[in-house]
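Please look over the structure shown below before reading on. The notes that follow are grouped by topic.

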Amino acid sequence: LSRLGSGEEPREAFAASFGDLATLEDEVDQHIRGAISSLKSQSPIAMKGDVTVTSLDRVASQLVPLKIKRRVGRGRELVAEELRAFAAEHPDRPDVLAEWALAEFAVAEKADEPDYTAALAATDAALALHYNHARMLLLKAQISIENLANADEVTDEQWTQIGSLISRSYTADPTIPLTHVVNYRSFVEQSSRPPVEVINALGEALMLAPEARDIRLQYAWALANEDAFDDAIHLVKFLASDPHQGGMGRNVLRQLEEYRDRRMGQ
């Protein structure tokens, strides 16, 4: 993967890492036909960083399965209803209100005619209890961008307010990768060329969440718009090799190459 990321061709990177492909295929066939074996390590696996274990109170414990349901992304309307009811029982808990807000936003953004009224109300309720809740500040910025995208008239002051929300969110928690994505989009929606530091911040977001496909794609297209096609294509090659959704990656790779050819006049 490191060789691919540095620009080597896939077959060359494979040969340098694993040797002859035919030999490996034979070994894989033998493994499949044989018994599955396993080994138990006698020493713990090294891990960087500290692990903190926190006891949850009753409400936070009850929130866990609802949070998991929301993150899975299925049955959005039902999950939103459950969190709405749970929030009504615990209106003094910003963690509960935040989950409710995220669930309402997920429902709205997938609707044919998005309505972010409920998501915004839940977000404001959470912020009323926790003024500098990083994720809620960012969510309010996201909702504001979506609303402005469909507005007939937009003022500079409205975009300034969105920028302030994003800045406050980043100050409260600089480790949220989505912050950089939302910030980049705020420039795009204003039909303004994003500054270099905003584009570079997408790279920081990808380092924070290298498994996030959407961030990788956003960064790749941002680089392509700056004519950094080699870097953009290298980013997408990882997705093209995905055993589960490689078709999507290959499609994006083809789009990038066609875009490059048009831009370069080929």
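Predicted model: local features only at pLDDT ≥ 70, side-chain atom pairs only at ≥ 80, totals over all residues.

In which loop is proline 114 found? Proline 114 is in the loop between α6 and α7, the latter covering residues 117–129.

**Proline 114**

- With a relative accessible area of 39%, proline 114 is partly exposed, because partly exposed residues fall between the buried limit of under 20% and the exposed limit of over 50%.
- Proline 114 and arginine 213 are 99 residues apart along the chain, and their C-alpha atoms are separated by 23 Å.

**Positive phi in loops**

- Serine 191 is not a glycine, yet its phi is positive, at about 55 degrees.
- This serine 191 sits in the loop that runs between α10 (178–189) and α11 (196–208).
- Serine 191 has 72% relative accessibility and so counts as exposed.
- Aspartate 227, also not a glycine, has a positive phi of about 65 degrees.
- The loop holding aspartate 227 lies between α12 (213–225) and α13 (229–240).
- Aspartate 227 counts as partly exposed because its relative accessibility is 42%.

**Helices α5 and α6**

- Helix α5 spans residues 76–89 and helix α6 spans residues 94–109.
- The axes of α5 and α6 come within 9 Å and cross at roughly 155 degrees.
- The two helices, α5 and α6, are therefore roughly antiparallel to each other, since angles over 145 degrees count as roughly antiparallel.
- The crossing in which α5 passes α6 is left-handed.

**Helices α11 and α12**

- The axes of α11 and α12 come within 9 Å, with a crossing angle of roughly 155 degrees.
- The angle makes α11 roughly antiparallel to α12.
- The handedness of the crossing in which α11 passes α12 is left-handed.

**A nonpolar surface patch**

- Leu56, Val64, Ile68 and Val72 make a nonpolar surface patch of about 350 Å².
- One of these residues, valine 72, lies in helix α4, which covers residues 58–72.
- Valine 72 counts as exposed because its relative accessibility is 52%, and the cut-off for exposed is over 50%.

Methods
Residues numbered from 1 in each chain as written. Heavy atoms only, no water. Patch = residues over 30% accessible without salt bridge, like charges linked within 9 Å, V, L, I, M, F, W, Y side chains within 5 Å. Areas by Shrake-Rupley, 256 points an atom, 1.4 Å probe, with all protein chains shown as cover. Salt bridge = Lys/Arg side-chain N within 4 Å of Asp/Glu carboxyl O. Helix = DSSP H or I, 4+ residues; strand = E, 2+ residues; numbered from the N terminus. Buried < 20%, exposed > 50% of the residue type's maximum accessible area, 1.4 Å probe, protein only. Axes fitted to C-alpha atoms, helices over the stretch in contact; angles between N-to-C directions. Parallel < 35°, antiparallel > 145°, perpendicular 65-115°, else oblique. Left-handed = near helix turned anticlockwise from the far one by under 90°.
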